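Here are my notes on this model, written as a few numbered points. Have the structure open while you read them.

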Amino acid sequence: MADFGDILMDFDAKSKKESNLEKLKQDVKSLKRKRDAMLDREIKIRDDLNSGTVQNASVYRLPVAVLPPQNLSQRQVLPSDAEVQRLRNIAKTKQKLQAHALCHGVTILREDNETKFIFDPYVGGKPFGPFVLRLRFIRAQAVLRGHTLPHAVPTRSLYREYFEDADDHSEQLAPFIRSVAKHLRAFLSRKQQCDQLRESFAEDIQDFQAANQCTAISFSICLKDEDNKEQITISIAMTYDIDGERPKPESLKVSFDPPSTTEDDIESLKEQCLVFYNMR
């Protein structure tokens, strides 16, 4: 699986390449128009010289459409140092917001007197979303207007937790959005783990259960000893926090049927089950 950072770098490089290619096409079209205009002017000047009817120089000017932008006005006003600094700060802020959107999967859009927070998380290298959360700010108070987040994300409970008793809603906004994003990513990650587990071991897994928004997982695996034809059933259960992507510490439980397995076999299996805590 490709590294997420490499995917972002490839995406950025592709976007810049497409942008440069489009700019190059526009420059070629502009140069072609300028060349045609200069040829037309040259023909007109030659004809007027041959006929002895040379006119005022303004008649032979190139069309405004083919002139470079700096020649459109003789009175070009240069921005002040303060304006240049302001533009520089805006550019830096825009870059930070773009990087935040790519890395955290959250963008903000102002529309119809509402602020929309759009969540596009990447989990396991796969994109999910968009999921939209709508807030309206009335007299510095954040009012929840609606959302398209999964039911597994306790959006209204989180809203009450962060805003119900808060005096300054602006200070609670960023922690609230981060918490929503964390719960969303955790649920999508847990669901992805369950789907991958069922798909990868479809023939071996039995009684697979994912309860409480995939926070309580249990399943059984049947193993056969080909030497003595004995069948062993291994039952595995684990629980997650509602905002957790990995099982709770010490929550992984393993049992055998029949329970005649040696302690070494049990410890070996538990070590293999650590993949549930480490795999991304």
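**Notes on the model**

1. Before anything else: this is a predicted model, where local features need pLDDT of at least 70, side-chain atom pairs count only at pLDDT 80 or more, and totals for chains, interfaces and linings use all residues. Residues are numbered from 1 along each chain as its sequence is written, and side-chain values use heavy atoms, with hydrogens and water left out.

2. Start with the overall picture. The protein has six helices and 10 strands (DSSP runs numbered from the N terminus: H or I of at least four residues for helices, E of at least two for strands). Its radius of gyration is 32 Å, well over the 19 Å from the globule rule for 280 residues, so the protein is more spread out than a compact globule. (That radius is taken over C-alpha atoms, and the rule is 2.2 Å times the number of residues to the power 0.38.) Along the principal axes, the C-alpha atoms fill a box of roughly 115 × 60 × 30 Å.

3. How much of the protein is buried? Of its 280 residues, 27% count as buried, where buried means under 20% relative accessible area, exposed over 50%, and partly exposed in between (1.4 Å probe, protein chains only).

4. Now zoom in on Thr155, which sits in helix H3 (residues 155-163). Thr155 counts as buried because its relative accessibility is 2%. Leaving out residues up to four places away in sequence, Thr155 touches Leu133, Leu144, His147, Leu149 and Phe176 (a contact means heavy atoms within 4.5 Å).

5. On to the cysteines. A disulfide is a covalent bond between the sulfur atoms of two cysteines; here the test is a pair of cysteine sulfur atoms within 2.5 Å. The structure holds zero disulfides.

6. Most residues other than glycine have a negative phi, and most peptide bonds are trans. Cys214, in the loop between S7 and strand S8 (216-225), has a positive phi of about 65°. Asp207, in strand S7 (residues 205-211), also has a positive phi, about 50°, and Asp207 is exposed at 58% relative accessible area. The peptide bond from Gly129 to Pro130 is cis, with omega near 5°; look for Pro130 in the loop between strand S4 (126-127) and strand S5 (131-138).
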